[in-house]
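Welcome! Keep the structure open beside you as you read.

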Amino acid sequence: MRVMVLASSGNVERQTVMDWSGGFVDCHCHLSAAEFSHDIDHVLDEARAVGVRAIVAVAEHSAEFEKVIYLSKRYPQLVFPCLGVHPVQAANPEQQRSATLQDVNDALPLIEQYRDELVAIGEVGLDFTPRIANTDNQKEEQRQVFIRQIQLAKRLGLPLNVHSRSAGRPTINLLKEQGAECVLLHAFDGKPSVAMEGVKAGYFFSIPPSIIRSKQKQKLVKQLPLENICLETDSPALGPEKQIRNEPKNITYAAEYIAMVKGISLEEVINVTTKNALRLFPRLLHVLQK
């Protein structure tokens with residue numbers, strides 16, 4: 001059984017619909033976050049109950065890698081690991097800083113160690129938010145950190161799970177310059193016209209549950225072809241309600257809102273976005289085709 005979400009006038013109501021043989025793929029989720037440390041089993045049970053078949057768990061820094069791998073081994077038919085160095089590094093939210101080459105140098109040996117278990121390299125990318133990167137030197141070092149990981153992904157034959165806050169066009173341009181072909185741009189915050197440059201390059205864009213309250217995401221989905229759209233939750237962030245912990249089960253909000261914006265059925269959204277996820281993350285195929 002799964003859940004369909006009907007969005008109307010900002011309100012969301014749930015109703016049960018007939019069983020379907022497919023399922024959702026959450027293409028970008030932070031299951032290793034502290035917010036899930038006390039009830040991860042319950043969170044994943046609820047995700048399965050709404051039809052989530054696979055969760056791509058991303059890392060942000062090397063200290064998180066072991067936990068992501070542990071979760072993928074503890075839930076081998078549901079959780080799939082991504083390792084990478086996020087452009088924003090932090091011991092805690094008050095100490096956020098721009099990523100450095102030392103961060104990626106520390107991470108690369110661990111990524112190599114787990115290379116055969118990974119479905120992608122991520123979360124990687126650029127973040128030019130002024131409080132994070134307010135100098136040309138910081139932005140350039142972020143670019144170099146990103147380039148190192150693009151090159152690694154190409155060498156390992158893995159896709160990239162990409163962050164691009166306040167840096168949509170620079171991120172897409174750098175990906176194209178480096179010859180990256182298999183790319184997911186998660187929770188893209190740029191203009192639809194910039195996103196279409198990624199579409200022309202064959203990139204995918206994953207949409208979170210926050211679309212129900214984000215005019216930017218709604219405009220983005222109107223422009224993006226369904227063939228370039230995937231689903232994500234970015235849990236515990238970007239949920240349907242501000243300041244409330246997001247969870248993988250909330251992927252239904254994103255799917256139903258996309259169906260409403262596109263004027264198509266929920267079944268079509270699930271079918272196409274799951275096929276897109278399998279094209280993007282081929283290592284999921286052995287699970288989702290069972």
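Ala187 sits in the loop between strand 10 (183-186) and helix 6. In this predicted model, the phi of Ala187 is near 45°, a positive value in a residue that is not glycine. Ala187 counts as buried because its relative accessibility is 14%, and the cut-off for buried is under 20%.

- You can find Leu238 in the loop between strand 12 and helix 8, and with a relative accessible area of 29% it is partly exposed.
- Pro236 lies in the loop between strand 12 (229-231) and helix 8 (251-262), and the peptide bond leading from Ser235 to Pro236 is cis, with omega near 10°.
- Another cis peptide bond runs from Gly122 to Glu123, with omega near 15°; Glu123 belongs to strand 8 (residues 120-127).

**Around His30**

- Look for His30 in the loop between strand 3 (24-29) and helix 1 (40-49).
- Is His30 buried or exposed? Its relative accessibility is 7%, so His30 counts as buried.
- The side chain of His30 makes a polar contact of 3.4 Å with the side chain of His28, and one of 3.1 Å with the side chain of Asp234.
- Leaving aside residues up to four places away in sequence, His30 touches several residues, including Glu123, Ser235 and Pro236.

**Helix 5 with helix 6**

- The axes of helix 5 (residues 168-177) and helix 6 (residues 192-200) are 9 Å apart, and the helices pack at an angle of about 15°.
- Angles under 35 degrees count as roughly parallel, so helix 5 is roughly parallel to helix 6.
- Their crossing is left-handed.
- Among the residues making the contact are Ile172 and Lys176 of helix 5 and Val194 and Glu197 of helix 6.
- The contact residues divide into 3 nonpolar, 3 polar and 3 charged.

**Helix 3 with helix 4**

- Helix 3 (residues 101-113) and helix 4 (residues 136-156) have axes that come within 9 Å and cross at roughly 15°, which means that helix 3 is roughly parallel to helix 4.
- The crossing of helix 3 and helix 4 is right-handed.
- Leu108 and Ile111 of helix 3 are among the contact residues, as are Val145 and Leu152 of helix 4.
- In this contact there are 7 nonpolar, 3 polar and 4 charged residues.

How values were computed. Residues are numbered from 1 along each chain as its sequence is written. This is a predicted model: local features need pLDDT of at least 70, side-chain atom pairs count only at pLDDT 80 or more; totals for chains, interfaces and linings use all residues. Side-chain values use heavy atoms; hydrogens and water are left out. Axes are lines fitted to C-alpha atoms, for helices over the stretch in contact, and angles run from 0 to 180 degrees between N-to-C directions. Helices (H or I, at least four residues) and strands (E, at least two) are DSSP runs, numbered from the N terminus. Angles under 35 degrees count as roughly parallel, over 145 as roughly antiparallel, 65 to 115 as roughly perpendicular and the rest as oblique. A crossing is left-handed if the near helix is turned anticlockwise from the far one by less than a right angle, and right-handed if clockwise. Contact means heavy atoms within 4.5 Å. Ala, Val, Leu, Ile, Met, Phe, Trp, Tyr, Cys and Pro count as nonpolar, Asp, Glu, Lys and Arg as charged, and the others, Gly among them, as polar. Buried means under 20% relative accessible area, exposed over 50%, partly exposed in between (1.4 Å probe, protein chains only). A polar contact is a pair of N or O atoms within 3.5 Å; within protein, one must be able to donate a hydrogen and the other to accept it, and residues adjacent in sequence count only if both atoms are side-chain atoms.
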